[in-house]
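Please keep the model in view while reading.

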Amino acid sequence: MPVLVAPGVGASSRLGETSVKICGLTSLADVEAAAVAGANYVGFVFFEKSPRDVTVSQARALAIEVPIGIAKVALVVNATDAELDEITNAVPLDILQLHGKETPERVAEIKERYGLPVMKAVGVADESDLPALESYSAVADQLLIDAKPPKNADLPGGNGLAFDWRLIAGREFSVPWMLAGGLTPENVAEAVRMTGTQQVDVSSGVESAPGVKDAARIRRFIEGARS
């Protein structure tokens with residue numbers, strides 16, 4: 001499955017190789033670690049409550065250093081047009097990741113306004129959450145299937161929680177999709193095997209502390225995803 005990015009960005013893996021997104025990068029060392037390890041996507045978080053939050057100027061400085069061929073993703077949560085205008089005008093991006101409670105209508109609106117591929121995160125805890133995957137696949141360019149956060153959680157993602165992967169095992173969607181939620185170097189190979197996903201996303205699972213990426217864990221995660 002090719003990685004869906006903007007025209008001219010070749011971030012796809014070799015045929016049959018799992019694509020990997022390392023999310024929540026906050027330093028040049030993080031960018032280098034992800035690139036050297038072979039990441040296909042890197043993500044920058046624009047959400048003040050997150051320990052991985054970056055300012056627009058910080059994200060711009062980091063994005064400029066991302067090697068050609070790696071897709072640059074902006075993770076936003078219920079962002080307004082004004083906020084998205086500021087981000088997209090300053091930061092060279094390939095994908096917008098919507099990680100809030102954006103409706104399918106809002107997803108379509110953002111796609112049309114910014115002309116960038118849109119990835120919609122959908123939280124899953126049980127079977128009642130699965131119909132939303134179909135609704136969003138009708139408007140988003142990609143799905144990110146994540147663990148649904150606990151009630152009253154401060155973060156919509158990056159909580160280090162997994163869901164029952166059997167809920168989506170063998171399912172097919174009309175757009176590319178990515179598995180997230182509680183993935184680590186220790187369990188990513190099993191997650192890929194059980195779900196059949198061709199793309200995985202990780203943030204807290206490759207950190208030594210909240211918001212602090214660990215280069216060795218990034219390398220081990222990508223090795224595990226492709227094992």
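Helices here are DSSP runs of H or I with at least four residues, strands are runs of E with at least two, and both are numbered from the N terminus. Counted this way, the protein has 7 helices and 10 strands. The model is a predicted one.

Of the 227 residues in the protein, 54% are buried. The exposed surface comes to about 10200 Å², and carbon and sulfur atoms supply 50% of that area. Among contacts between residues at least 6 apart in sequence, 59% join residues at least 24 apart.

Helix α7, residues 215-225, packs against helix α1, residues 28-37, with the two axes 9 Å apart and at an angle of about 30 degrees. Angles under 35 degrees count as roughly parallel, so α1 and α7 are roughly parallel to each other. The crossing of α1 past α7 is right-handed. On the α1 side the contact is made by Ala33, Ala34 and Ala37, which meet Ala215, Ile218, Arg219 and Ile222 of α7. By class, this contact has 6 nonpolar residues, no polar ones and 1 charged.

Helix α6, residues 188-195, also packs with α7, at an angle of about 30 degrees and with the axes 7 Å apart. By the cut-off of 35 degrees, α6 and α7 are therefore roughly parallel to each other. α6 passes α7 in a right-handed crossing. Here Val188, Ala189 and Val192 of α6 meet Phe221, Gly224 and Ala225 of α7. The contact of α6 with α7 has 5 nonpolar residues, 1 polar and no charged ones.

How values were computed. Residues are numbered from 1 along each chain as its sequence is written. This is a predicted model: local features need pLDDT of at least 70, side-chain atom pairs count only at pLDDT 80 or more; totals for chains, interfaces and linings use all residues. Side-chain values use heavy atoms; hydrogens and water are left out. Buried means under 20% relative accessible area, exposed over 50%, partly exposed in between (1.4 Å probe, protein chains only). Contact means heavy atoms within 4.5 Å. Accessible areas come from the Shrake-Rupley method with a 1.4 Å probe; for residues, only the protein chains shown count as cover. Axes are lines fitted to C-alpha atoms, for helices over the stretch in contact, and angles run from 0 to 180 degrees between N-to-C directions. Angles under 35 degrees count as roughly parallel, over 145 as roughly antiparallel, 65 to 115 as roughly perpendicular and the rest as oblique. A crossing is left-handed if the near helix is turned anticlockwise from the far one by less than a right angle, and right-handed if clockwise. Ala, Val, Leu, Ile, Met, Phe, Trp, Tyr, Cys and Pro count as nonpolar, Asp, Glu, Lys and Arg as charged, and the others, Gly among them, as polar.
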